[in-house]
Amino acid sequence: NQKTIREAEKSEVVKYAAEDADITWQLMKVFNPLLDQKEVRILFEEIEMPLVVVLSTMENNGVSLNSETLKEYSIELELEIERLEKSIIEQAGEEFNVSSPKQLGVVLFENMKIDEKAKKTKTGQYSTSEETLQKLAGKHAIIDDILEFRQLKKLKSTYVDALPELVNEKSGKIHTTYSQAVAATGRLSSVNPNLQNIPIKTNNGKKVREAFIPSEGNELYAADYSQVELRLMAEISGDPNMVEAFQNGHDIHTATAAKVFDVPMEKVDREMRGKAKMVNFGIIYGISAFGLSQRLNVKRKEAKALIDGYFETYPGIKKFMDDAVDGAKETGYVQTILKRKRFLKDINSKNAVVRGYAERNAINAPIQGSAADIIKVAMINIHKEITSQKLQSKMILQVHDELVFDVVPSEKETIAKLAREKMENAVKTNVPLKVEGAFGATWLEAH
């Protein structure tokens, strides 16, 4: 039953506003000394606060959307969803609601007996979660159809149908909201719409990016850090072999495969490179021999040999991982290259599963967090230049390791050079940070 601020008595509003200001002032006195005590003043004053202006400008700039593309695609998806639903019901041999986890569980595990050891949830029904079904992928065609059915339904409702509804009537653009203090790693997150989660590896997800377009007469330019997390793992660990591979401009997956499989680089085949790539990225997330064996579809013994070979090749990385976990157990946190702390309250937990999760975070957070810090510094520096040079082009999107610009044709060269320069030199590193950029008539084309 509260009134709005406009309906309240002026004397009440005065009290309210004064109290608001007073509490803020009192809190500042409490928090200000803590910035020094926790050694985060530089992070706060030189990165997070200047970034506020950059993000508000980007939110205001917005991004243009081709709603027609999405409307056509929605019809296409609807037909594909119906086809998959029919196929699932045919394979099941009975009519049921494919979208009902309860009915689906009964069909898959009681009637079709796809998994004799199927687990039940606390409510007594079979689990048909993404994770459960992924493990059964390939066991029966119905599983693959269900996974695709769910993926397309989610894509349609979350993006294809929702995005046109979010176009602002006045500006004709979509204006996402960026949050600086939500993700524990320091990465930016975005809502209404969440642009961080548009699937990019699938063809269906790519079609969503196709709907993002420049302002009339302009082009989009997307600048993307290349393998930034691996480069930062080399930087932070200081492993000489990995640092050297990057400094010499080698393809890191080929270089890793050559060392792990003990063959010259020119003899590395696609399969070897693929395995090395899986280990390279898996290690960042603390992958186990069991996890790697599942991903590569090989025996656990082979996966273990791959990981052992990897650590022999890059002993500095093994040391970094052990030191990160040991350091976190002692201090309760890990930190990025710009001293952003990630606290891990479960690092000394007696529960092995919970502790294992915290240990993986101890390895990953300094890397992922450093990547987040670096792109934030780059964004601040790019924004300064766009403002001081009075450029008409605009920075409009940030997604993970990528920045997207709405570029006036006469400023193409300026923006491409500016983005690459500021992104590659945001922080001084021994391992070169590499940025790849491209222009396009859509976000997909520029990516």
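The largest pocket has a volume of about 1,200 Å³, and among the 31 residues that line this pocket, Ile200, Lys201, Asp224, His400 and Asp401 are the closest to its centre. A pocket here is an open set of points on a 1 Å grid over the protein atoms alone, with protein on both sides within 12 Å along at least five of seven lines, whereas a cavity is a set of points where a 1.4 Å probe fits but cannot get out; lining residues have an atom within 4 Å of a point. Grid points are joined across faces, edges and corners, and a volume is the space filled by probe spheres set on the points. This is a predicted model, in which local features need pLDDT of at least 70 and side-chain atom pairs count only at pLDDT 80 or more, while totals for chains, interfaces and linings use all residues. Residues are numbered from 1 along each chain as its sequence is written, and side-chain values use heavy atoms, with hydrogens and water left out.

At least two lining residues of the largest pocket come from each of β6 (219–226), α8 (228–237), α11 (270–284) and β11 (434–440), and β6 supplies the largest share, five residues. Helices (H or I, at least four residues) and strands (E, at least two) are DSSP runs, numbered from the N terminus. By class, the lining of the largest pocket holds 14 nonpolar, eight polar and nine charged residues, where Ala, Val, Leu, Ile, Met, Phe, Trp, Tyr, Cys and Pro count as nonpolar, Asp, Glu, Lys and Arg as charged, and the others, Gly among them, as polar.

The largest cavity contains about 50 Å³ of space, and its lining includes His400 and Asp401, together with Arg187, Ala371 and Ile375. Helix α15 (residues 352–388) contributes the largest share of that lining, three residues. The second largest cavity holds about 40 Å³, and α15 gives the most to its lining as well, again with three residues.

In helix α12 (residues 289–296), the residues Ala289, Gly291, Leu292, Ser293 and Leu296 are buried, a term for under 20% relative accessible area, with over 50% called exposed and the range in between partly exposed (1.4 Å probe, protein chains only). Just after α12, Asn297 takes a positive phi of about 60°.

An open sheet of three strands has the order β2-β1-β5 with antiparallel pairing, two strands being paired if DSSP finds at least two bridges between them. Its edge strands, β2 (173–174) and β5 (212–213), each pair on one side only. Two bridges join β1 (residues 63–65) to β2, and Ser64 stands opposite Lys173 in β2.

Finally, the structure holds seven aromatic pairs, in which rings of Phe, Tyr and Trp (its six-membered ring) have centres within 6.5 Å, with planes under 30 degrees apart counted as stacked, over 60 as edge-to-face and the rest as tilted. One of them is the tilted pair of Phe109 and Tyr126, at 5.5 Å centre to centre and 50° between the planes; Phe109 lies in helix α4 (residues 101–111) and Tyr126 in the loop between α4 and α5 (130–136), 17 residues apart. Phe109 counts as buried because its relative accessibility is 7%, and Tyr126 counts as buried because its value is 15%. Ring pairs also link Tyr221, Phe405 and Phe439 into a cluster.
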